[in-house]
Amino acid sequence: MNKAELIAAIAEGSQLSKVDAQRALDATIEAITNELTKGGDVTLVGFGTFHVKDRPPRTGRNPSNGQPMEIAGKKVPAFKPGSNLKSAVN
């Protein structure tokens, strides 16, 4: 499912126009992004939790010459599914 299909499904399920569904989805994505940018978590009970993980620096190998190189640490967004989502998928 791509974004356009998700917008159509939201519009159909909530009886909103596609334009309003797109605005709602865009606002939701923006709110989640803003909270993660601030270092916070977004928990949707039963669905899951969006959070930021710290990826520590590590030593890797340069694929072109095999020499060791340092890979910088960084923050990455992550999602932990909730119990309702897990049971729906299984």
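Colleague: In which sense do E1 and E2 pair, and over how many bridges?

Modeller: This is a predicted model, in which local features need pLDDT of at least 70, side-chain atom pairs count only at pLDDT 80 or more, and totals for chains, interfaces and linings use all residues. Residues are numbered from 1 along each chain as its sequence is written, and side-chain values use heavy atoms, with hydrogens and water left out. Strands (E, at least two residues) and helices (H or I, at least four) are DSSP runs numbered from the N terminus, and two strands pair if DSSP finds at least two bridges between them. E1 and E2 meet that rule, and their pairing is antiparallel, over 3 bridges.

Colleague: Which residue in the hairpin of E1 and E2 takes a positive phi?

Modeller: Within this pairing, Thr43 stands opposite Thr49 in E2. The hairpin leaves 3 residues between its strands. The residue there with a positive phi, near 90°, is Gly46.

Colleague: Is His51 buried or exposed?

Modeller: His51 belongs to strand E2. Its contacts (heavy atoms within 4.5 Å), leaving aside neighbours within four places in sequence, are Leu36, Asp41, Val76, Pro77, Ala78, Phe79 and Lys80. The classes are buried for under 20% relative accessible area, exposed for over 50%, and partly exposed in between, with a 1.4 Å probe and protein chains only. Because His51 has a relative accessibility of 18%, it counts as buried.

Colleague: How many residues apart in sequence are the parts that the aromatic pair of Phe47 and Phe79 ties together?

Modeller: The structure holds 2 aromatic pairs, where rings of Phe, Tyr and Trp (its six-membered ring) pair if their centres lie within 6.5 Å, planes under 30 degrees apart being stacked, over 60 edge-to-face and the rest tilted. Phe47 and Phe79 form a tilted pair, with 5.4 Å from centre to centre and 50° between the planes. Phe47 sits in the loop between strand E1 (42–44) and strand E2 (48–55), whereas Phe79 is in strand E5 (residues 74–81), so the separation in sequence of the parts tied together is 32 residues.

Colleague: What relative accessibility do Phe47 and Phe79 have?

Modeller: Phe47 counts as partly exposed because its relative accessibility is 39%. Phe79 also counts as partly exposed, because its value is 32%.

Colleague: And which residues form the one aromatic cluster?

Modeller: Phe50 and Phe79 form an aromatic pair that is tilted, with 4.8 Å from centre to centre and 50° between the planes. Since Phe50 lies in strand E2 and Phe79 in strand E5, this pair ties together parts that are 29 residues apart in sequence. The members of the one cluster are Phe47, Phe50 and Phe79.

Colleague: By what distance are the C-alpha atoms of Thr33 and Phe50 separated?

Modeller: Thr33 has its place in helix H2, and it counts as partly exposed because its relative accessibility is 42%. Along the chain, Thr33 and Phe50 are 17 residues apart, and the separation of their C-alpha atoms is 9.5 Å.

Colleague: Which residue in the turn of the hairpin of E3 and E4 has a positive phi?

Modeller: E3 and E4 run antiparallel and are joined by 4 bridges, and in this pairing Gly60 stands opposite Met69 in E4. The hairpin has 6 residues between the two strands. The residue in its turn with a positive phi, about 80°, is Gly66.

Colleague: With which residues is Gln67 in contact, leaving aside its neighbours within four places in sequence?

Modeller: Gln67 lies in the loop between strand E3 (58–61) and strand E4 (68–71). It counts as partly exposed because its relative accessibility is 47%. Once the neighbours within four places in sequence are left aside, the contacts of Gln67 are Gly60, Arg61 and Asn62.

Colleague: Phi of Gln15 is positive; near what value?

Modeller: Gln15 is in the loop between helix H1 (3–14) and H2. It counts as exposed because its relative accessible area is 75%. Gln15 is a residue other than glycine, and its positive phi is near 60°.
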